[in-house]
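I opened my notebook for a friendly look through this one. Here is what I looked up, entry by entry.

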Amino acid sequence: MKEITDFLPEELNFFKCVHYAGTANPFGRERVLREAEIAGVSPDSPKDIRVLKACQAVGHRLAQMEKRGRINLDSFKGERRYFLRSALLFHYFHLFRKQIDTLITRQLDNAEKSLDADFAPEALTLLRGWGFSIEESIHFTALAYQFRRAYYFIFRHLVGRSRCMQQLRRDLWQNVFTHDILMYDQYLWNRMENFSTLLFGETGTGKGTAALAMGRSGYIPFDEKENKFTHNFVNTFTTLNISQFSETIIESELFGHVRGAFTGAVKDHKGVFSRCSPNGSILLDEIGELSTHVQIKLLNVLQDRVYSPVGSDEKHRFHGRIIAATNRSIREIREKQIFRDDFYYRLCSDIITVPPLHKRIAQDPEELPDLLAHTVTRIVGQPSPEIASRVLEYIESTLTLSYPWPGNVRELEQCVRRVILRNAYEINEAPAPQSSTDSLTRQIQEGHITAQDLLIHYCTRLYEKHGTYEAVARIAGLDRRTVKKYIDSQDQVY
């Protein structure tokens, strides 16, 4: 069978569009627009229809090419080879995505070992038939598994349609793959341990869920001989809550200790860094409670990737990635010098803020029913529109939609449980939180706010009320780009 050596005139432009769709953040607007263009549908079409038609369109184009001969990347050069390669990978990914999803769900139920990748032999054969090398085929099998895991955990575990939750999902995806997936594929897929992350958010907002999504989305190599991925992603994420341990114990929990290192150390103990797999991540929760002394020791891990167990001079190398979380604000961290400067700047390769529940509901009231449906399903083990509706009715009639939810999503979960048990939820157990307006007034009175921060607060409030950058720019008398910059930065300020 002869090999194809050229494109029809319209095929190159089509494959370019597929390339830009495949490299776009799946939670961003560009991805929607590109998929709609490929599919020939409106960007406002239901997501399932848009994706299905886009996959069908790519498959049809490639099938038309195959009618003219065998597709082989080695027959093409330059941009033709580059964009055809992207189209083939797009098609390959969507051909096997359901089988990859099946492996993910099976793996979640089996934390002990890495399971057989049933889809892999067929997938590898397909890639090699198109002209991908053995190494490339194995790498893209691992990359497809990573893409699907990242989407699975970011999309399914982070419920919400508000603007701030949409932004959070985009931020988490970039944290895993950077803003440029091509750069990630070329340089960083095996180097992401060099990028630590600092998560900010009030108590109960879901920082742990966000960290879990990142921690289970790392690159895991594929072993063709074993037909398995080298690690089970369930075991690639480890959590340590700093606030649970005393100053004398925390070093041992982080770095481990050897027998006899201190009174009571009757045997060797592996710390969290030793327990982390080479492709794994560690969440250091409540990092704001870490003493200066331990910050210095942890700084060595961040800088040099080495540590020593307590009582030992032996050096161990840490191959994982560090995610740190705190319920303190970035302003408090910096103004009160809770972190040493060198420690802070090593820790904050990326900063992500998990939004509070009251902000999510204010931006989109439908966030509350969505969260209730998700929470009820987790509690009772199956979807129950009846229970979710009953809880929503109680909240609307008793708490009202303006209730500030000081305990955030964690409080909402307890509210659901109590309404199920007692058909009541008392809110006088916790002190009322200080509103953002009260906080702003206090800062103005005390002279602790800059003109820029004041504008950020004002633009954000206008955006929550009017919903567009253009409206805010018109009312505030500012340039639209300035308004967007202020609003996009507000999570790091308040």
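My entries below cover the cores, the sheet and the salt bridges.

I am working with a predicted model, in which local features need pLDDT of at least 70 and side-chain atom pairs count only at pLDDT 80 or more, while totals for chains, interfaces and linings use all residues. Residues are numbered from 1 along each chain as its sequence is written, and side-chain values use heavy atoms, with hydrogens and water left out.

**Cores.** I took a nonpolar core as a set of buried Ala, Val, Leu, Ile, Met, Phe, Trp, Tyr and Cys residues joined through side-chain atoms within 4.5 Å. Buried is under 20% relative accessible area, exposed is over 50%, and partly exposed is in between (1.4 Å probe, protein chains only). The largest such core has 80 residues, and F15, I38, M65, L84 and F229 have the most contacts inside it. Helix α4 (residues 78-108) gives the most to this core, with 12 residues; helices (H or I, at least four residues) and strands (E, at least two) are DSSP runs, numbered from the N terminus. Why does the core lie between domain 1 and domain 2? Both domain 1 (1-132) and domain 2 (160-355) give residues to the core, so it lies between them; the bounds come from an automatic or database domain assignment. I also found a second, separate core of 32 residues, which includes L298, L299, I330 and L347.

**Sheet.** I traced an open sheet of 5 strands in the order β4-β5-β8-β1-β9, with parallel pairing; two strands pair if DSSP finds at least two bridges between them. At the edges stand β4 (237-241) and β9 (350-353), each with a single partner strand, so one side of each has no neighbour in the sheet. Strand β1 (residues 197-200) is joined to β9 by 4 bridges, and L198 stands opposite I351 in β9.

**Salt bridges.** I counted a side-chain nitrogen of Lys or Arg within 4 Å of a carboxyl oxygen of Asp or Glu. The structure holds 27 of these. R80 pairs with D6, with the closest N and O atoms 2.9 Å apart. This pair links distant parts of the chain, 74 residues apart: R80 is in helix α4, and D6 is in the segment before α1 (9-23). R80 is partly exposed at 33% relative accessibility, and D6 is partly exposed at 38%.

I then checked E386 and R390, whose side chains meet at 2.9 Å, N to O. They are 4 residues apart in helix α17 (residues 385-399), so about one helical turn separates them. Last, I noted a salt-bridge network that links E289, R328, E332 and K336.
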